[in-house]
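The following note sets out points on a sheet, the helices packed on it, and selected charged side chains. Please read it alongside the sequence and coordinates shown here.

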Amino acid sequence: MTFTFVSNYINHHQIPLCDALYKELGEDFTFIQTMPMEEERVAMGWAVDVRSLPYVSCLYESEYECLKKIAESDVVLFGWTQREELAISRLDTGKVTLRVSERLYREGQWKALSPRGLVAKYREHIKYRKQNVCMLCAGAYTASDFKLIGAYPGKLFKWGYFTALRTYSEERLARMKPQDGTIHIVWAGRFIPLKHPEYVVRLARTLRDRGHAFYVHMLGDGELEPSVREDVESAGLSDCFRFYGYTEPEGVRDVMERCHIHLFTSNYLEGWGAVVNEGMNSGCVEVVNAQVGAAPYLIRHGENGLVYPEGDYTKMEELVIDLVEHWGERRAMGQAAYETVRDMWNADHAAKELLRFSNELLRGMALPAQEGPLSMAPAISPGEMYRVMMDKEQRQKLR
């Protein structure tokens, strides 16, 4: 089987999956990069030397060869490309095609009522609802958006981002976490409004006022970083914080390994949130806004992490305080989080499932996985998701 993945550019979030696909298929796997990376992303440290990756071809350097590959491959997976005609030309042939997408309507499903928007969605998605094409939903809210417009009926499957996997013995994972009674909390991301870094300072004030021993690691940079630093200093919390600035992904993981709790405070605009994968793989107990796309797929509340509703700071604070005050009883969630990524939500497992599923599609008899990547994606509305995550019986459909 020849398999081609077409997307705007290769980055550290896609490389683990592409490496795994290349390991399985060798030269029968190609990643086609449709555009050079934007300078903003390069400045954030996302740049990749594409010539070091044997499976990458650049559309803007060898268009004829790339178009030929898209036309002739047995299966093509399209991400976001800025070249929608590439997908449409493939879909018009009726050949097996996969698409991967985050949410259509992050700012609200009311946008589905836009006549102009629906025309565009018809051309890109709805028109092909009966074709041999499936949608891989990179986030738990994606299926609801596509169901709303009647696209991909019965062909919406769970997907996501798959970060580099680190493996540890249970003993080593426990040893990496400080055992001196101080709870280490890590927050990693860009200091921008949608990620709410200011929540961390509010939380630290409460932990300090309650007399708890803690230390906060904040990694990243951005427009809000100076104000967050000022708030920490004015609150007299400087001895409880360390700011790392921009940190390479490997460095972020090194810090996470030494922390007990990973706090992820992004709002509904966060399509997936790959640091959730990284925190879980590092054995952290996750405390995550349920509106984040990764949360419903990866986290089983109270088992391998914790979620709070709709950016509710008060509920988030309650969860962290309970963790700190009952750490001996709650810390097993960190091991369970690690096992979730080690056993299911990782690039090697996802690649094997993707290739199994693709081969079956070519034979006309594809079956979804029982759980995890390539299992059926339930179309649960944003307003209902938290309730489903809290109900043990209901949340089985999210496995």
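1. Strands β11 (residues 261-264) and β12 (residues 285-289) run parallel and are joined by four bridges. Within this pair, leucine 263 has valine 287 of β12 as its bridge partner. Strands are DSSP runs of E with at least two residues, helices are runs of H or I with at least four residues, and both are numbered from the N terminus. Two strands count as paired if DSSP finds at least two bridges between them.

2. On the basis of the description: this is a predicted model, in which local features need pLDDT of at least 70 and side-chain atom pairs count only at pLDDT 80 or more, while totals for chains, interfaces and linings use all residues. Residues are numbered from 1 along each chain as its sequence is written, and side-chain values use heavy atoms, with hydrogens and water left out.

3. The open sheet comprises six strands with parallel pairing, in the order β10-β9-β8-β11-β12-β13. Its edges are β10 (241-245) and β13 (306-308), each of which pairs on one side only. On average, neighbouring strands are turned by 20° against each other, direction ignored.

4. Helix α9 (residues 225-234) packs on the sheet, where it touches β9 (214-219) and β10, and its direction makes about 165° with that of β10. Helix α13 (residues 313-325) lies across β8 (183-188), β11, β12 and β13, at about 155° to β13. Contact here means heavy atoms within 4.5 Å; axes are lines fitted to C-alpha atoms, for helices over the stretch in contact, and angles run from 0 to 180 degrees between N-to-C directions.

5. Four of the five residues of β10 are buried. The accessibility classes are buried (under 20% relative accessible area), exposed (over 50%) and partly exposed (in between), with a 1.4 Å probe and protein chains only.

6. Arginine 253 is buried yet has no salt bridge, and the nearest side chain of opposite charge, glutamate 278, is 5.2 Å away. A salt bridge requires a side-chain nitrogen of Lys or Arg within 4 Å of a carboxyl oxygen of Asp or Glu. A polar atom of the arginine 253 side chain lies 2.9 Å from the backbone oxygen of alanine 164. Leaving aside neighbours within four places in sequence, the contacts of arginine 253 include Arg166, Tyr168, Asn281 and Ser282.

7. The structure holds 24 salt bridges. One of them joins lysine 23 to aspartate 348 (3.6 Å, N to O). Since lysine 23 lies in helix α1 (residues 15-25) and aspartate 348 in helix α16 (residues 347-363), the pair ties together parts that are 325 residues apart in sequence. Lysine 23 is exposed at 55% relative accessible area, whereas aspartate 348 is partly exposed at 34%.

8. Arginine 166 forms a salt bridge with glutamate 250, with the closest N and O atoms 2.7 Å apart. Arginine 166 lies in the loop between β7 (156-159) and α7 (170-176) and glutamate 250 in helix α10, so the pair ties together parts that are 84 residues apart in sequence. Arginine 166 is buried, at 16% relative accessibility, and glutamate 250 is partly exposed, at 49%.

Notes
Lys, Arg positive; Asp, Glu negative; His and termini not counted. Polar contact = N/O pair within 3.5 Å; in protein donor to acceptor, adjacent residues only side chain to side chain.
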